[in-house]
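Please open the structure in your viewer and keep the selection tool at hand.

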Number of protein chains: 2
Amino acid sequence: MEQTQTLESASTMEPQAADVERLVRDMARAGRSAQRVLARMSTAEKAAALMAAAAALRADAPRILSANAQDIAAGEARGLSGAMLDRLRLDAKRLEGIAAAIENVARLPDPVGQEIDRSEALAGMVLVRRRIPIGLIGIIYESRPNVTADAAALCVMSGNAALLRGGSEAVHSNRAIAAAMASGLASAGVPAEAVQLIPTQDREAVGAMLRAAGLVDMIVPRGGKSLVERVQNDARVPVLAHLDGICHTYIHAAADPAMARALALNAKMRRTGICGAMETLLLDAAFPGSQDVVGALIDAGCELRGDARAQALDPRITPATPEDWNTEYLDAILSVAVVDGVEAAMEHIARHSSGHTEAIVTQDQAVADRFLAEVDSAIVMHNASTQFADGGEFGLGAEIGIATGRLHARGPVALEGLTTYKWQVLGNGQTRA
Amino acid sequence: MEQTQTLESASTMEPQAADVERLVRDMARAGRSAQRVLARMSTAEKAAALMAAAAALRADAPRILSANAQDIAAGEARGLSGAMLDRLRLDAKRLEGIAAAIENVARLPDPVGQEIDRSEALAGMVLVRRRIPIGLIGIIYESRPNVTADAAALCVMSGNAALLRGGSEAVHSNRAIAAAMASGLASAGVPAEAVQLIPTQDREAVGAMLRAAGLVDMIVPRGGKSLVERVQNDARVPVLAHLDGICHTYIHAAADPAMARALALNAKMRRTGICGAMETLLLDAAFPGSQDVVGALIDAGCELRGDARAQALDPRITPATPEDWNTEYLDAILSVAVVDGVEAAMEHIARHSSGHTEAIVTQDQAVADRFLAEVDSAIVMHNASTQFADGGEFGLGAEIGIATGRLHARGPVALEGLTTYKWQVLGNGQTRA
């Protein structure tokens, strides 16, 4: 435990680990009961409840902004970086954005109850696979207070209860947002325990969530690599997570040079800090426009680290170390390698990719088809910027995260990824021979 | 470690834990390489390879049966129970059944490459979700040697490599089957490492598989509760498992009495040892045929343990203890409770079910619809025997298991459950604004 934090409640006593464990398990049980009510609500009822939650958030704006000011003051006193403070900070416009995002979720198609497929059993029963909520979703996140509202809204719309554990930096903001949402939801008939924020910042609470197999159905960590790694290592509960976004763009010999330059610039420089940003550029040795592409990137302010052949393209490219090929910079830095053909590009990707998003730029459809078929990442793109790796851009309306694991859901995860299914067997008295 | 076993290879030396770990990780890496080849094979190529594997199994019958005789002799010397020996034993007919099952898998529709859906991104790219293999599947199983062939066939047909760890009782049988299959597969162009059996029976090998996050993509345990619990507790790799099958049948007031009796008898007594066997019977207090149903069960040789109201139905019903409601007997024993209406039945199920299979017997469609919607198990049935909970009966052709977790796949899992998907993004130069 790096830092001991007090149970921020009426009491100032330090809670015992066993108390925290009991608190989390009691909250999980309450969440499960609430979820059974939520699971029976219609799409219109859930949407109305989210509209009420958004309205409550707007009505509570003064209280939420003053709670946020407390967090900002505490963060400044603790010496948080400017970037951290910016992630933490709310203002009227950002709060309106949070409320509007809840309303957007309320307008999404409801996956619950959807028939996936229908078939016939050997003995004649009709078999229907139908989508249902997963149950109780635990969300463990860091400093962005909007996650409280986004995650809760996605869970409610998909019929799941949410057990939220936010970062200590945002504790007052998170509580104010969660309280507003819960009151809005309750006014529309959603049980108060459908959305619960764990009241203590004791780190033991995270451990208790991760150990709660049978009570918490899935954990979604949203935060930096150390948080996600801890969750993946310690969880006894299924985890939907992404670790790294080491995204590659491969520019094939038959790429359109102007398109290649535009895509490389956009994939790297539009926003360098998002998980869909390109981190490695693979230039085909037979692509004639490589000097132009790397020159444009450097001119745009990007630092390039290359292998020997890439360095030969521009004297401003510095040597890449072996670690560079496995690094998610999240910054204006790019590793660049020159490869011989699509096979070599796919070999490089298989060795170094984190399974998030990879793109090929080419006018040769056969080569593109091969890349799309054989590269094994969650998202594979042809002639598009890796920065599009986003649930909103994919038309999902929102996302709870981008999953880079292989089971359940991959890539941007929104409402459908928060459901599972059951088999309904419709018989007329069949017994098995 | 309950029992120390030697590395059964040319060497008789006891392997060090680190050696076992290295062995397993090297095999996993080799399996991953082989899987990349398998992933590119066409449906026809995979089917032909499985046909060759079945032929090799038939050709090797003498060797396999003599290996099995070794296992049987060792099992008898160790005092294995008759039931265990029966599970272990192969003869010409069972071996033919194993070969035929491989051929059946070869004839199943191939999910790999299937388009799940197609949509359009905000910026105009076409988005295709397409099924792909999961990767390397670890299968940890106990004494039935047919699992070696069944699991390997399902993995190969779905483009996955298999890393198999069978029980020590069946070690010679498993090796002979795996060797025959590998030679058949290799003759048809599947790399030998696509199906590997871990050569040592050292229990440390199981631990090494469970820790191999990033190398093994999914573990499927097939065996008793203690095996599955160990796997679920220790795995750092996603697990597709089922623990218990505490299946309920609820006979509603409006059930057809003859159908109710037939379904109850079949659900319990057809085969008592399978996971889909009914373990608890819920009789509605308003159902007029209860005495007939319990009488028929007792007359068929079933021991009934009931609550007070159930005991009043027949003097031969003994009192149930609280544990009875949570017990998977896998035997001719049944717990029986009398409940007041569908709500009370669903409450009992929510408290005691293991999430496997539950059935309602009623002629009232509205009540059936409510049960089918609200009971949260992997399989919910109306007017059918719980014994139908089986991939073969569901028309899936085979199953690798019945999953009672909530993520990825639920209920009978066959080829589709051994796939995941990727997003293919088809653009024409789009950059993100």
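**First stop: a helix in chain B**

Select helix α5 of chain B and colour B:Leu95, B:Ile98, B:Ala99, B:Ile102, B:Glu103, B:Val105 and B:Ala106, which are buried; buried means under 20% relative accessible area, exposed means over 50%, and partly exposed lies in between, with a 1.4 Å probe and protein chains only. These residues lie on the same side of α5(B), because they cover an arc of only 165° around the axis, the arc being that of the directions from the helix axis to the C-beta atoms. As a general rule, an α-helix has 3.6 residues a turn, so residues three or four places apart point the same way.

Before going on, note that this is a predicted model, in which local features need pLDDT of at least 70, side-chain atom pairs count only at pLDDT 80 or more, and totals for chains, interfaces and linings use all residues. Residues are numbered from 1 along each chain as its sequence is written, chains are lettered from A and ligands numbered from 1 in the order in which they are written, and side-chain values use heavy atoms, with hydrogens and water left out. Helices (H or I, at least four residues) and strands (E, at least two) are DSSP runs, numbered from the N terminus.

How far apart are the end C-alpha atoms of α5(B)? They are 21 Å apart, which agrees with the 21 Å that its 15 residues, 92-106, should span at 1.5 Å a residue; the expected span is 1.5 Å times one less than the number of residues.

Now display α2 (43-59), α3 (61-77), α6 (146-157) and α7 (171-187) of chain B, which are among the elements covering the buried residues of α5(B). At the N-terminal end of α5(B), select B:Asp91, which caps the helix with a side-chain oxygen 3.1 Å from the backbone nitrogen of B:Lys93.

Select B:Arg58 and B:Glu103, whose side chains meet in a salt bridge of 2.9 Å, N to O. A salt bridge is a side-chain nitrogen of Lys or Arg within 4 Å of a carboxyl oxygen of Asp or Glu. B:Arg58 belongs to helix α2 of chain B and B:Glu103 to helix α5 of chain B, so the pair ties together parts that are 45 residues apart in sequence. B:Glu103 counts as buried at 15% relative accessibility, whereas B:Arg58, at 31%, counts as partly exposed.

**Third stop: where the chains meet**

Show both chains. Here 67 residues of chain A are in contact (heavy atoms within 4.5 Å) with 67 residues of chain B. The area buried between them is about 5,700 Å², of which carbon and sulfur atoms give 54%; buried area is the accessible area (1.4 Å probe) that two parts lose on being put together, summed over both. Select A:Leu407, A:Trp423 and A:Arg432, which lose the most area in chain A to chain B, together 15% of what that side buries.

How many salt bridges are counted between chain A and chain B? The count is six. One joins the side chains of B:Glu416 and A:Arg129 at 3.2 Å, N to O. Another joins B:Arg40 and A:Glu374 at 3.6 Å. That pair crosses from the loop between α1 (17-39) and α2 of chain B, which holds B:Arg40, to helix α14 of chain A, which holds A:Glu374. B:Arg40 is partly exposed at 47% relative accessibility, and A:Glu374 is partly exposed at 26%.

Is A:Asn383 buried or exposed? A:Asn383 is buried, with a relative accessible area of 4%, and lies in strand β13 of chain A. Its side chain joins that of A:His382 in a polar contact of 3.3 Å. A polar contact is a pair of N or O atoms within 3.5 Å; within protein, one must be able to donate a hydrogen and the other to accept it, and residues adjacent in sequence count only if both atoms are side-chain atoms. Leaving aside neighbours within four places in sequence, the contacts of A:Asn383 include A:Met259, A:Leu263, B:Gly427 and B:Asn428.

Finally, select B:Asn383 in strand β13 (residues 379-384) of chain B. B:Asn383 counts as buried at 4% relative accessibility, and its phi is near 50°, a positive value in a residue other than glycine.
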